[in-house]
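Subject: Handover of a structure

Dear colleague,

Please find below the structure that I am passing on to you.

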Amino acid sequence: MKSMKWKKLGKIFNPTQHKLPNGCVEFSKSPQALVFDDFVRIYFSTCAVDKINGKYLSHIAFVDMKKNLLDIIRVSDRTVIPLGGLGCFDEHGIFPMNVLRYGGTVYGYISGWSRRVSVSVETAIGLAISHDDGLTFQRIGNGPVLTATPCEPYLIVDGSVRVYDGTFHMWYIYGTSWKKFSPNEEPDRTYKIGHALSSDGINWKKEEARQVIADKLGRDESQALPTVIEIEGQYHMFFCYRESFNFRKNKARGYRIGHAYSEDLVNWIRDDTNPSIDVTAGDWDSDMLCYPHVFRCDDKIYLLYNGNEFGRFGFGLAVLESY
């Protein structure tokens with residue numbers, strides 16, 4: 001595999017500097033790009049406080065930027081997609097939403113969150129379709145298209161979809177356990193990256209409980225937000241990984257960006273050192289790097305990602321300088 005060289009371009013969006021819909025004031029987590037002829041739309045998950053219980057509700061918003069990815073054209077001022085109904089899989093939040101053009105429409109794969117009692121959340125992946133170039137999305141139904149099964153009983157989330165040779169590929173994460181790592185803490189989750197195939201983007205067949213990416217930190221490594229791109233005939237996956245517990249305040253155990261490559265979209269070789277994207281001391285991403293999204297814009301390849309506090313104060317950008 002060739003050596004990659006990435007250049008960080010800094011933080012390009014801060015949600016606290018804009019008026020967002022649904023009463024959201026912080027967070028722009030999991031930025032995901034949709035490229036137009038003369039601008040780039042970046043969707044993200046932002047948060048409002050539930051007035052009933054003081055907990056967060058996650059909503060989808062977007063920012064349109066010029067193709068220099070520096071100048072902001074507009075920020076969404078209305079709901080992109082409402083939260084799910086009472087008792088639905090996405091009742092309390094959507095995080096993230098992965099978008100792609102297909103058949104003259106825009107598909108949005110929504111990761112829905114709903115609260116539970118014994119553990120914090122349950123999750124699944126649904127599909128919504130936009131017929132107005134990504135301004136608004138409508139669900140194909142109230143239920144998910146990918147959810148828990150006997151072999152993957154926990155937390156199906158973070159769906160990232162690409163179409164290659166007419167086949168839909170989804171890389172997603174599946175929970176392997178909930179566990180109390182300390183008697184005084186709430187249970188934490190561990191999850192790994194999986195793979196599913198579809199002929200229509202709606203009906204999926206999972207490779208049940210097959211961990212696609214090898215662990216670096218051991219069994220308690222959690223892997224999240226896979227994103228795949230083809231470069232010169234080889235496929236590259238970027239994702240983030242961390243320890244499953246004591247990661248929120250201990251930056252040595254927090255998220256970092258990982259990388260793997262493949263010749264066939266099935267078998268992946270992990271190689272975190274080659275991209276060499278790491279935290280920057282004293283900067284907005286000094287403690288963690290998380291929620292990457294790789295995309296091509298004209299003749300360049302970019303990587304969007306979040307920094308400290310899981311994207312509370314924005315997202316940044318890196319560009320692939322050489323390969």
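**Overall build**

The protein chain has one helix and 20 strands; helices (H or I, at least four residues) and strands (E, at least two) are DSSP runs, numbered from the N terminus. Its radius of gyration is 18 Å, close to the 20 Å that the globule rule gives for 323 residues, so the chain is as compact as a globular protein of that length. The radius is taken over C-alpha atoms, and the globule rule is 2.2 Å times the number of residues to the power 0.38.

Please note that this is a predicted model, in which local features need pLDDT of at least 70 and side-chain atom pairs count only at pLDDT 80 or more, while totals for chains, interfaces and linings use all residues. Residues are numbered from 1 along each chain as its sequence is written, and side-chain values use heavy atoms, with hydrogens and water left out.

Along the principal axes, the C-alpha atoms of the protein chain fill a box of roughly 50 × 45 × 45 Å. Of the 323 residues, 57% count as buried; buried means under 20% relative accessible area, exposed over 50%, and partly exposed in between (1.4 Å probe, protein chains only). The chain exposes about 13900 Å², and carbon and sulfur atoms supply 49% of this area. Accessible areas come from the Shrake-Rupley method with a 1.4 Å probe, and for residues only the protein chains shown count as cover. Among contacts between residues at least 6 apart in sequence, 54% join residues at least 24 apart, where contact means heavy atoms within 4.5 Å.

**Pockets**

The search for pockets used a 1 Å grid over the protein atoms alone: a cavity is a set of points where a 1.4 Å probe fits but cannot get out, and a pocket is an open set with protein on both sides within 12 Å along at least five of seven lines; lining residues have an atom within 4 Å of a point. Grid points are joined across faces, edges and corners, and a volume is the space filled by probe spheres set on the points.

The largest pocket has a volume of about 1500 Å³. Its lining consists of 50 residues, of which Trp113, Ser120, Arg189, Phe247 and Arg248 lie nearest the centre. By class, this lining has 23 nonpolar, 11 polar and 16 charged residues. Here Ala, Val, Leu, Ile, Met, Phe, Trp, Tyr, Cys and Pro count as nonpolar, Asp, Glu, Lys and Arg as charged, and the others, Gly among them, as polar.

The second largest pocket holds about 410 Å³ of space. It is lined by 17 residues, and Val99, Leu100, Arg162, Phe295 and Arg296 are those nearest its centre. The elements giving two or more residues to this lining are β2 (26-35), β6 (93-102), β10 (154-164), β14 (221-231) and β18 (290-297). The lining divides into 12 nonpolar, one polar and four charged residues.

**Individual residues**

Phe315 belongs to strand β20 (residues 315-322) and is buried, with a relative accessible area of 0%. Phe315 and Pro31 are 284 residues apart in sequence, yet 7.1 Å apart in space, C-alpha to C-alpha. Leaving aside residues up to four places away in sequence, Phe315 touches a set of residues including Phe13, Pro31, Phe44, Trp284 and Tyr305.

Ser114, in strand β7 (residues 105-115), is also buried, at 14% relative accessible area. Beyond residues up to four places away in sequence, Ser114 touches Cys88, Phe89, His92, Ser120, Val121 and Glu122.

Glu208 lies in the loop between β13 (204-206) and β14 and counts as partly exposed, at 35% relative accessibility. With residues up to four places away in sequence not counted, Glu208 touches Thr149, Cys151 and Glu152.

**Backbone geometry**

Most residues other than glycine have a negative phi, and most peptide bonds are trans. A cis peptide bond joins Phe95 and Pro96, with omega about -5 degrees; Pro96 lies in strand β6. Asp165 has a positive phi, near 55 degrees. Asp165 sits in the loop between β10 and β11 (167-179) and counts as exposed, at 81% relative accessibility. Tyr291 likewise has a positive phi, of about 55 degrees, but Tyr291 lies in strand β18 and is buried, with a relative accessible area of 7%.

Yours sincerely
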